[in-house]
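Hi,

Here is the structure I promised to pass on.

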There are 2 protein chains.
Amino acid sequence: MPKLRAHNLTITLDGFATGTDQRLDAPFGDGVDGLHDWMFAAMRDRAEGRTGIDVDFVARSEENIGATIMGRNMFGPLRGPWQDESWTGWWGDNPPYHHDVFVRTHHLRPSLPMEGGTTFHFSDEPVETVLERAFDAAAGKDVRIGGGPDTVQQYLRAQLVDELHLAIAPMLAGRGERLLDNLGDGVDGYRVAELTSSATVTHAVLVRR
Amino acid sequence: MPKLRAHNLTITLDGFATGTDQRLDAPFGDGVDGLHDWMFAAMRDRAEGRTGIDVDFVARSEENIGATIMGRNMFGPLRGPWQDESWTGWWGDNPPYHHDVFVRTHHLRPSLPMEGGTTFHFSDEPVETVLERAFDAAAGKDVRIGGGPDTVQQYLRAQLVDELHLAIAPMLAGRGERLLDNLGDGVDGYRVAELTSSATVTHAVLVRR
C-alpha cells in the first residue's frame with residue numbers, strides 16, 4: 001500500500017517549526033536562523049558521496065515519492081486572495097518536485113505546470129480528498145506531505161500520516177508555530193519508532209500504531 | 001560561583017513534562033506513563049555499577065548540590081489552601097534530598113524538618129529571593145531546581161538557570177504542561193550546549209549564553 005510520508009521536518013528544541021513573521025525574505029520567519037542547516041549540509045555531503053546519519057535521512061526522504069501535498073504557506077509568503085498569478089512558488093522555473101504538487105488553500109487558481117514535470121494544483125477539498133487525488137497522481141508510489149505545521153497537524157489528526165521524520169535542532173525559538181501541537185487525542189494513533197542523534201540534530205520517526 | 005542547575009527534566013517528543021489531571025496516584029498526570037522509565041533504569045544501572053550515557057547524566061545530577069527549589073505541585077498533589085499539615089511530600093519520612101528544599105507556594109506553612117537532613121521551607125517570595133536563600137543554605141554548593149514546568153519557566157524567564165539538562169523520551173502526550181513554553185524572549189539567554197541520544201532518550205543541555 002502506498003504511504004503518506006513526511007520527511008526532514010525540522011523543529012527547535014522547544015518545538016517550533018517556524019518563527020514569527022514569515023515573509024518573502026524569511027520563509028521560516030524570525031528566530032529560527034540556521035534551523036535547516038543540517039539538511040543543506042547533508043544534501044551537500046550526499047552530492048559529494050559522503051555518508052552519515054543525516055545523509056541517510058535525506059536520502060530516505062527522496063525514495064519512492066510520486067506526489068506532494070503542502071499548505072499554502074509552504075508554496076509562498078502571500079496571505080489572503082491572490083493579487084495576481086505571478087507567484088509560482090519559492091523554487092524558480094524548475095521546482096525540485098518533478099511530479100504533481102497539491103497546495104491546500106481556500107484561494108483557488110488554475111493548475112500551474114512548471115518545467116521539469118512539476119505541476120502545482122490548488123485545492124480547498126477535505127484532507128482525505130486531496131490525499132486521494134495525490135495517491136492517484138503518484139500512481140503506486142508514496143505521497144509526501146511537506147509543511148507547514150498546520151497542514152501536517154491536519155493530516156496527523158486525521159490519522160492519515162503513515163510515517164513522519166522529524167529533526168530536532170539544538171536551538172531555541174521561544175515563539176512561532178509548533179509542529180507537534182493541537183494534536184490532542186490524535187497522538188494516540190502514533191508511536192515514536194526511532195530516536196537517534198547525529199553530530200548536528202536528533203532524528204525521530206513517528207509511525208502509525 | 002555556585003550555579004542554579006536543573007537535571008533529568010523529562011519531556012515527550014511533543015514537549016510535555018506532565019500529562020493531564022495530576023493527582024495522588026498519578027503524580028505526573030495521565031498520558032505520560034513511562035516518561036521517567038529511562039531515569040529509574042539508569043539509577044538501577046548505576047547502583048549495580050554499570051555505565052552508559054543515561055547513567056552519566058543521572059550521576060551528574062547528584063554532584064555538588066546543596067539545596068533544592070521546587071514548585072508546590074512537585075511537593076504534592078494538593079491544590080489550594082492546605083486542609084491540614086499532614087502532607088509531608090511524596091518521599092516518605094526520609095526524603096532523598098538531605099538538604100534544605102524551598103517549595104514555592106502562595107500557601108505558607110511552617111518549615112518542616114524531616115529525617116535524614118531534609119527540611120522543607122515554604123515561600124511565596126520572588127524567584128530571586130528564594131534563590132538567594134537557597135544559595136545561602138547550599139553554603140557554596142550549587143542549587144538544583146526541580147519542577148514543575150511553571151517553576152522552571154519562571155527561573156528560565158528570569159535568566160537565573162545556569163544549566164538545564166533535559167531528556168526527550170520517544171513518546172507523545174498530545175496534552176498536558178509543556179516544559180519549554182511561555183518563554184518568549186527568555187530563550188535569548190540560553191543556548192543548547194549538548195544534544196546526544198542514548199538507546200532510550202535524547203539528552204539536551206541548555207546553558208546561559
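Let's start with helix α1 of chain B, which covers residues 37–47. Keep in mind that this is a predicted model. Which residues of this helix are buried? They are B:Trp38, B:Met39 and B:Ala42. If you look down the axis of α1(B), those buried residues fall within an arc of 95°, so they line one face of the helix. Turn to the other side of α1(B) and you'll find B:Arg44 and B:Ala47, which are exposed.

What do the buried residues of α1(B) pack against? There are four elements to pick out, all in chain B: the strands β1 (4–12), β8 (163–169) and β11 (202–208), plus the helix α2 (53–61). Following α1(B) comes B:Gly49, and its phi is positive, near 85°.

Now zoom out to the two chains together. Chain B can be superposed on chain A by a rotation of 180°, with 0.0 Å of shift along the axis and an RMSD of 0.0 Å. The two copies are thus related as by a two-fold rotation axis. To find that axis on your screen, go to B:Ser197: in chain B, its C-alpha is the one nearest the axis, at 2.7 Å. Both copies also use the same surface, since 100% of the contact residues of chain B recur in chain A.

How many residues does each chain bring to the contact? Chain B gives 26 residues and chain A gives 26 residues. Between them, about 2200 Å² is buried, with carbon and sulfur atoms giving 66% of that area.

Four salt bridges are counted between chain B and chain A. One to look up is A:Asp181 with B:Arg178, where the closest N and O atoms are 3.2 Å apart. The count of residue pairs in polar contact between the chains is seven.

Which strands of chain B each supply at least two residues of the side that touches chain A? Those are β8, β10 (190–197) and β11. The largest share, five residues, comes from β10(B).

Happy exploring!

Definitions and conventions. Residues numbered from 1 in each chain as written. Chains lettered and ligands numbered in written order. Predicted model: local features only at pLDDT ≥ 70, side-chain atom pairs only at ≥ 80, totals over all residues. Heavy atoms only, no water. Buried < 20%, exposed > 50% of the residue type's maximum accessible area, 1.4 Å probe, protein only. Arc of directions from axis to C-beta. Contact = heavy atoms within 4.5 Å. Least-squares fit on C-alpha atoms with pLDDT ≥ 70 in both. Buried area = accessible area lost by both parts, 1.4 Å probe. Salt bridge = Lys/Arg side-chain N within 4 Å of Asp/Glu carboxyl O. Polar contact = N/O pair within 3.5 Å; in protein donor to acceptor, adjacent residues only side chain to side chain.
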